[in-house]
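Please find below a short note on the structure shown here. It is set out as numbered points for discussion.

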Amino acid sequence: MLTGSCLCGGVRYEVSGALHGALNCHCNMCRKAHGAAFRSRAGVRTKDFRWAQGEDLITWYETSPGTQRGFCRVCGSKLLSRFDFEKDWYGLPLGALDGDPGVRPGRHVFVAFKAPWVEITDSLPQYPELP
């Protein structure tokens, strides 16, 4: 069982299944939403995700048609993405997990949009967009 939480501790969640397809996303939306050079995320099946506390503190923002990002309305922590076009999966930012997720990002995507001050120095494959 994996657990995750927001910065203020008002929201907590549990993940009972495996994470899939971990990656680092350099798109403009991920950079802006997370205030960082990129977002590390993985996929989790909706049936394997459960809010343990504070679901009422989640505010959803539609960043693009059919994609909503959930964040804690108290502290602003980004906790989950949901998709109208893929109802069986969520996008899970790895940074909100409380422990080791047991997976590592396997690629960089949307590097055509990476921050100009970022130099990718690892050996992971890089893709200009999402392959």
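1. Basis. The model is predicted; local features are given at pLDDT of at least 70 and side-chain atom pairs at pLDDT 80 or more, while totals for chains, interfaces and linings use all residues. Residues are numbered from 1 along each chain as its sequence is written, and side-chain values use heavy atoms, with hydrogens and water left out.

2. Largest pocket. A pocket is an open set of points, on a 1 Å grid over the protein atoms alone, with protein on both sides within 12 Å along at least five of seven lines; lining residues have an atom within 4 Å of a point. The volume of the largest pocket is about 470 Å³, where a volume is the space filled by probe spheres set on the points, and grid points are joined across faces, edges and corners. Its lining comprises 23 residues, and those nearest the centre are R39, R41, F83, F85 and L130. Two or more lining residues come from each of β3 (20-25), α1 (28-34), β4 (39-45), β6 (58-64), β7, β8 and β9 (89-93). Helices (H or I, at least four residues) and strands (E, at least two) are DSSP runs, numbered from the N terminus. Strand β3 supplies the largest share, four residues.

3. By class, 12 residues of the lining of the largest pocket are nonpolar, seven are polar and four are charged. Here Ala, Val, Leu, Ile, Met, Phe, Trp, Tyr, Cys and Pro count as nonpolar, Asp, Glu, Lys and Arg as charged, and the others, Gly among them, as polar.

4. Cavity. How many cavities of 30 Å³ or more does the structure hold? There is one, a cavity being a set of grid points where a 1.4 Å probe fits but cannot get out. The largest cavity has a volume of about 30 Å³ and is lined by H34, R39, R69, G70, K78, L79, L80, S81 and P93. The elements giving two or more residues to this lining are β7 (67-72) and β8 (78-83), and β8 provides the largest share, four residues. The lining of the largest cavity divides into three nonpolar, three polar and three charged residues.

5. Cysteines. The structure has zero disulfides, a disulfide being a pair of cysteine sulfur atoms within 2.5 Å. Buried means under 20% relative accessible area, exposed over 50%, and partly exposed in between (1.4 Å probe, protein chains only).

6. Nonpolar core. A nonpolar core is a set of buried Ala, Val, Leu, Ile, Met, Phe, Trp, Tyr and Cys residues joined through side-chain atoms within 4.5 Å. The largest such core has 20 residues, of which V11, Y13, V15, L19, W51, L79 and L92 touch the most other members. Two or more members come from each of β2 (12-15), β4, β5 (49-53) and β8. Contact means heavy atoms within 4.5 Å; beyond four places in sequence, V15 touches M1, L2, V44, D48, F49 and L92.

7. Q68 and R82. Q68, in strand β7, is buried at a relative accessible area of 11%. Its contacts, leaving aside neighbours within four places in sequence, are W60, Y61, E62, L80, S81, R82 and D84. R82 belongs to strand β8 and is partly exposed, at 31%. Not counting residues up to four places away in sequence, R82 touches W60, G66, T67, Q68 and Y90.

8. R50. R50 and F38, 12 residues apart in sequence, have C-alpha atoms 25 Å apart in space.

9. Backbone at F110. F110 has a positive phi, near 55 degrees, and is not a glycine. Most residues other than glycine have a negative phi. F110 lies in the segment after β10 (108-109) and is partly exposed, with a relative accessible area of 22%.
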